[in-house]
Amino acid sequence: MQQEAGVDGEALEVWIDQDLCTGDGICVQYAPEVFELDIDGLAYVKSPGDELLQTPGATTPVPLTLLRDVADSAKECPGDCIHVRRVSDSVEVYGPDAE
Ligand code: SF4
């Protein structure tokens, strides 16, 4: 099992709001282990077992080794629809709702 990422050691998770996804695939270029474009042309997160998670609001853990790539995805996402949040209290740390 991969070690999960965290700010100050906190576990993080990421989800995508497909309603705003433009399908450009930037996130997949940054972190193909975490994001994937489906045949509908929208990006989804994948489970640690590489399964595409298509339930709206589905989250997946952010592996420590991919934190920078996932954070950069959230910053560069043209749809502002990648949300990275703490598992413990669901506070967003990267993405459009981060402080
Ligand atoms: S970077 Fe954002 S808008 Fe682009 S495919 Fe990924 S989630 Fe969708």
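**Exercise 1. The surroundings of the ligand**

Which of the 14 residues around the ligand come nearest?

*Solution.* The model examined here is a predicted one.
Step 1. The shell around the ligand has 14 residues, and those that come nearest are Cys-21, Asp-24, Gly-25, Cys-27 and Cys-77.

**Exercise 2. The nonpolar core**

Identify the residues of the largest nonpolar core that touch the most other members, and state which elements give two or more residues to this core.

*Solution.* 
Step 1. The largest nonpolar core has 23 residues, of which Val-14, Phe-35, Val-70, Ile-82 and Val-84 touch the most other members.
Step 2. Two or more residues of this core come from each of strand 1 (12-16), strand 3, helix 2 (67-76) and strand 6. Helix 2 gives the largest share, four residues.
Step 3. Take Val-70 as an example. Leaving aside residues up to four places away in sequence, Val-70 is in contact with Val-14, Ala-31, Val-34, Phe-35, Val-62 and Val-84.

**Exercise 3. A serine in helix 2**

Decide whether Ser-73 is buried or exposed, and list its contacts beyond four places in sequence.

*Solution.* 
Step 1. Ser-73 is located in helix 2.
Step 2. The relative accessible area of Ser-73 is 1%; because the limit for a buried residue is under 20%, Ser-73 counts as buried.
Step 3. With residues up to four places away in sequence not counted, Ser-73 touches Cys-27, Tyr-30, Phe-35 and Ile-82.

**Exercise 4. Residues in loops**

Locate Asp-50, Ser-90 and Gly-57, and describe the backbone angle phi of Asp-50 and of Ser-90.

*Solution.* 
Step 1. Asp-50 belongs to the loop between strand 3 (43-46) and strand 4 (52-53). Its phi is near 75 degrees, a positive value in a residue other than glycine.
Step 2. Ser-90 is found in the loop between strand 6 (82-86) and strand 7 (92-94). Although Ser-90 is not a glycine, its phi is positive, about 60 degrees. Its relative accessibility is 42%, and therefore Ser-90 counts as partly exposed.
Step 3. Gly-57 occupies the loop between strand 4 and strand 5 (60-61). At 36% relative accessibility, Gly-57 is likewise partly exposed.
Step 4. Gly-57 and Asp-17 are separated by 40 residues in sequence, while their C-alpha atoms are 6.7 Å apart in space.

Definitions and conventions
Residues are numbered from 1 along each chain as its sequence is written. This is a predicted model: local features need pLDDT of at least 70, side-chain atom pairs count only at pLDDT 80 or more; totals for chains, interfaces and linings use all residues. Side-chain values use heavy atoms; hydrogens and water are left out. A residue is near a molecule or strand if one of its heavy atoms lies within 4 Å of it. Buried means under 20% relative accessible area, exposed over 50%, partly exposed in between (1.4 Å probe, protein chains only). A nonpolar core is a set of buried Ala, Val, Leu, Ile, Met, Phe, Trp, Tyr and Cys residues joined through side-chain atoms within 4.5 Å. Contact means heavy atoms within 4.5 Å.
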